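Dear colleague,

I am handing over a structure for you to look at, and below it I have set out what was found. Please read the notes with the coordinates open beside them.

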Amino acid sequence: MKSIFKSYLRASLILKISVALVLGIAAGFLLGEQAAILAPLGDLLLRLLTFLIIPLILFTLIVGINQTNIANLGRMGSKVFIYYTVTSALAIVAGLLVASILRPGRGMHLTGNESFDVPDNPGIVQVLLNIVPSNIVTAFTEMNLLGIIFTALAFGIAISAMRSSEKHAGLGDSLLTTITALNEASLLILKAILQYVPIGIFAIIANTVGSQGIDTLLSLGGMIGVFYIALLVHIMLYVILLLLFGIKPGPFFRYARTPMITAFVTQSSTGTLPLTLDAAKKMGIPKSLYGFSLPLGATVNMDGAAIRIAVSAVFAANVAGTPLTIADMVMVVLIGTLASIGTAGVPGAGIVMIATVFVQLGLPMEAVALLTAIDALIGMGATAVNVTGDLVGTRLIDQHEKRRKI
C-alpha cells in the first residue's frame, strides 16, 4: 500500500487527472444515478479549493503590488479590462456565426409543458457597487471576489506607501515579510490539495455522467455539438492571439491544461482559481499582474458563457420558428457582453444570463427550461473556456509589458 501511495505521488498531475476523467466517465455510465454516492468526494474537492481562494487572492495581490509601482498597476489594469470586454464580444460573435451556419434547434418544437422561473440578475450597476464592500468581513464570508480584490489593492497600496515613508518603513517591511510568508504557506497547502484533485475530479465526472444519462445527450445532442464547435473556434482565436504575440501555444497549454480540465469538471471559474493562479506562477508571470487579472477574470470575464448566450439565443429562435435577424444578433452581442460581465463564476449562473438575454429579445422562456436539461454538459465547456481566456489574457498582457520594457 505504501509503495502504491508513493507511486501515486510521483506520477504527473496531468496523467492522474486524465486517468480520473476516463474512470469517472466509465463509472458514470456503469452506475447511472447511483453514481451520486460519490458526490461527497467531489464536494470535498470544491471545498478544499474554495478554502484557499481568499488567502491566495489577498496575499498574492498584496505581495504583487509591492513588487511594482502604482503606475504600472494602473496601466496593466486598463489592458485587462479592454481584453476582457473585447474577447467577450468576439466570443458572442463566434457563437452566433457557428450557430447561424449549423442552426441548432431546427425542427424541434416546444410542447407547452416546459416551465422555468427566471432567476434574479444582479446587473452591471450592482456588480460595480460590489467592488467596494460595505464590510470587509462580509466581503470574505460572502466570497465577494471584487470586494476581496479591492481590499487587497487598498492594503497593498497602503503597505507600499508605508515602506516608502521614513516614519513607517520598518512597519511596512515587517508587514510585507509576514504577508509574504503567509502567501508561501498558502502555496504549500495548495501543493498538498493538488494531490487530491484527481480523486475529486473522478467523483464529479462520474456523478455528472450518471445523472445526465444517454437520453439527454441524444435528445439535445445537436445543441451540445454546435456549442462545443463554437468553443473550439474561439480557442483557435486564442491560439492566433498567442502566435501574434510571439508566444508558443504548446508550452502555454501545458501549464494551462490542469486548471482547464478542473474547470471543465467542476463548472466553477471561482473554485478553479487556486489552480489558475498556480499555472500563471509556473508560466513566470509577475504576481503584480496575475494576482489582479485572474481573480477579476474569474468574476467578470466569461468568454465561454458569452458563447453559450449566442448559441442558446439561436437555438431558442429556431425552436420558436422565428430565426434571428441581423438586428437581433447585434442586440445579442450588446446585451450578451454586458450580461456576461455581471454573471458570477459559479455553476448554474449561465442560466441567469440566458434568461436575461431571452427577456430582452422576446424569446420564449420555455426554451430555457429545455436548456436546463443540459446545463451541466454546457456549463463544463463554458467554464473551461472562461478559465482559458483568463490565462490567455494575462499571458498576452505580460508579453506586451515585456516588449514595452525592451
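Does Leu 220 count as buried or exposed, and at what relative accessibility? Before the answer, please keep in mind that this is a predicted model. Leu 220 has a relative accessibility of 5%, and because the cut-off for buried is under 20%, Leu 220 counts as buried. As for its place in the chain, Leu 220 is found in the loop that runs between helix H9 (197-219) and helix H10 (221-244). The C-alpha atom of Leu 220 is 8.6 Å from that of Ala 373, although the two residues are 153 residues apart along the chain.

Turning to the charged side chains, the structure holds six salt bridges, and I describe three of them here, beginning with the one between Glu 401 and Lys 79, whose side chains meet at 2.5 Å, N to O. Glu 401 belongs to helix H18 (residues 375-405) and Lys 79 to helix H4 (residues 70-102), so this pair ties together parts that lie 322 residues apart in sequence. Both Glu 401 and Lys 79 are buried. The two residues also belong to a network of salt bridges, in which Arg 75 is linked with Lys 79 and Glu 401.

Helix H18 also holds the pair Arg 395 and Asp 398, which are three residues apart in that helix and therefore separated by about one helical turn. These two form a salt bridge in which the closest N and O atoms are 3.5 Å apart. Arg 395, at 14% relative accessibility, counts as buried, and Asp 398, at 3%, counts as buried too.

The remaining pair I would point out is Asp 173 and Arg 163, which form a salt bridge with their closest N and O atoms 3.0 Å apart. How accessible are the two partners, Asp 173 and Arg 163? Asp 173 is partly exposed, with a relative accessible area of 36%, and Arg 163 is likewise partly exposed, with a relative accessible area of 31%. Here the accessibility class is thus partly exposed for Asp 173 and for Arg 163, whereas Glu 401 and Lys 79 are both buried.

With kind regards

Methods
Residues numbered from 1 in each chain as written. Predicted model: local features only at pLDDT ≥ 70, side-chain atom pairs only at ≥ 80, totals over all residues. Heavy atoms only, no water. Helix = DSSP H or I, 4+ residues; strand = E, 2+ residues; numbered from the N terminus. Buried < 20%, exposed > 50% of the residue type's maximum accessible area, 1.4 Å probe, protein only. Salt bridge = Lys/Arg side-chain N within 4 Å of Asp/Glu carboxyl O.
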